[in-house]
Amino acid sequence: LVMIFCQVVALSVPTAAVQAATGPSPSTATQTPTQATDPTPVASGTPSVSAEPGTPPTTPSSSGTGTDPAPNDSAPASPLAPAVEQDSTPTATASATGAISGVVTGPDGLPLPEIPVYVDSDEGSVGSAVTDDQGTYTVTNLAASTYYVGFHPPVESGLQDEFFDGAVTHAQATPARVVADQTTTGIDASLVAYGSITGRVTTPDGQPVADMLVSVDAGFEFLDVYTDSAGFYQASALKTGSYVVHFNPANETGFLGEYYNDAMDSTSATAVPVTPGQTASGIDAVLSPAALIRGTVTTSTGAPVPGATVSATSTTGASSVQAMAETRTAEDGSYTVLAHAGTYVVAFTPPVDANLLTEYYDNSPDFAGAEQVTVMAGNDAVGIDAHLTAAGSISGTIAAPDGTPVADAKVEALAL
């Protein structure tokens, strides 16, 4: 049985009273902002672009000192930099501004020249500068407020981006407070080198797995690399942090993907720490052969259903992350699902425009009535087929009491 519900929404337009203004609004005092200029010379070349919020886009700077950083997400509240130096010529005007200054050094403690420095507010970029030969910089013409300062060395330097005070991401940055007619000093940075992760991927008999995707993910940093002909990989130029490493072989290899170290999902993976200037080596994987579920999806008349989604959900107590394995049918309706050894319920979901009904093996309309499929490596489950039934339809006309058709009415069909 099917119950039909119809919902008609009638719109009415309320009458609004219109009242004429009786006179001009009170005048409001206005201020003319002073044009922001940055006396710091701009180094030649364009700063490298990073995915990190607060990194400059490639548009010219409004301050004339390089390129402005892109608008960024606001950082959480944290202690403000307290060091404030009294300006020698204070002015008590409404447009008075302050400045931020500091020194940028490298891993050896020596000053770093020509390092772009960018200053953001919660609303976006407000200024920039480039360090001089002594590693010092000053960003001027800043309204009294709190700001986030980013240091972005060129890619070829091998040094990581950094945010004050020693933060890897913009969200972790410590804001610097600016007071009118004063310079906030000591907003320094000591830049560090990138780290890396290396390892090798093999089969159980020690054969290398070549051209296989390896992904490293720290949440704020993500990188894909591929194994070479000997199965080795190297993920370089990584920021300091903890990374989850995923080994993802192609289906045609017949091997299952996994996470380091022999984990089936990211939540149970062993995180790999990356430290400045160091290589985390020996992050290897020995892939396990997959158990295969094979079959064909057709209509009730025997026509193949290409592009249908075939999913195998584990019923052996695995977590939801590792329990699902899925694929899509080929042009001839055939499919192969690679799964871990275990027991599964197999679902067949047709493409949206196929006008066919979803079903579960073997010919069940729901999960509860499905026949479970057990597989293990070297013992494939074959002939797990589906013959999808054509979907039915319900049609009709919605009219008002006077017979006028009602457009845009919502119609719902609920199975009983």
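Residues are numbered from 1 along each chain as its sequence is written. Because the model is predicted, local features need pLDDT of at least 70 and side-chain atom pairs count only at pLDDT 80 or more, while totals for chains, interfaces and linings use all residues, and side-chain values use heavy atoms, with hydrogens and water left out.

Select strand E21, residues 291-299, together with strand E24 (334-339) and strand E28 (386-388); strands here are DSSP runs of E with at least two residues, numbered from the N terminus. The three form an open sheet of mixed pairing, ordered E24-E21-E28, where two strands pair if DSSP finds at least two bridges between them. E24 and E28 are the edge strands, each pairing on one side only.

Next, keep E21 and E28 in view: they pair in the parallel sense over three bridges, and Thr 299 has Leu 388 in E28 as its bridge partner.

Now select Arg 294 and Asp 380, which form a salt bridge with the closest N and O atoms 3.8 Å apart; the term requires a side-chain nitrogen of Lys or Arg within 4 Å of a carboxyl oxygen of Asp or Glu. Arg 294 lies in E21 and Asp 380 in the loop between strand E27 (373-375) and E28, so the pair ties together parts that are 86 residues apart in sequence.

Finally, go to Lys 410 and Glu 412, whose side chains meet in a salt bridge at 3.7 Å, N to O. By this rule the model has two salt bridges.

Methods. Helices (H or I, at least four residues) and strands (E, at least two) are DSSP runs, numbered from the N terminus.
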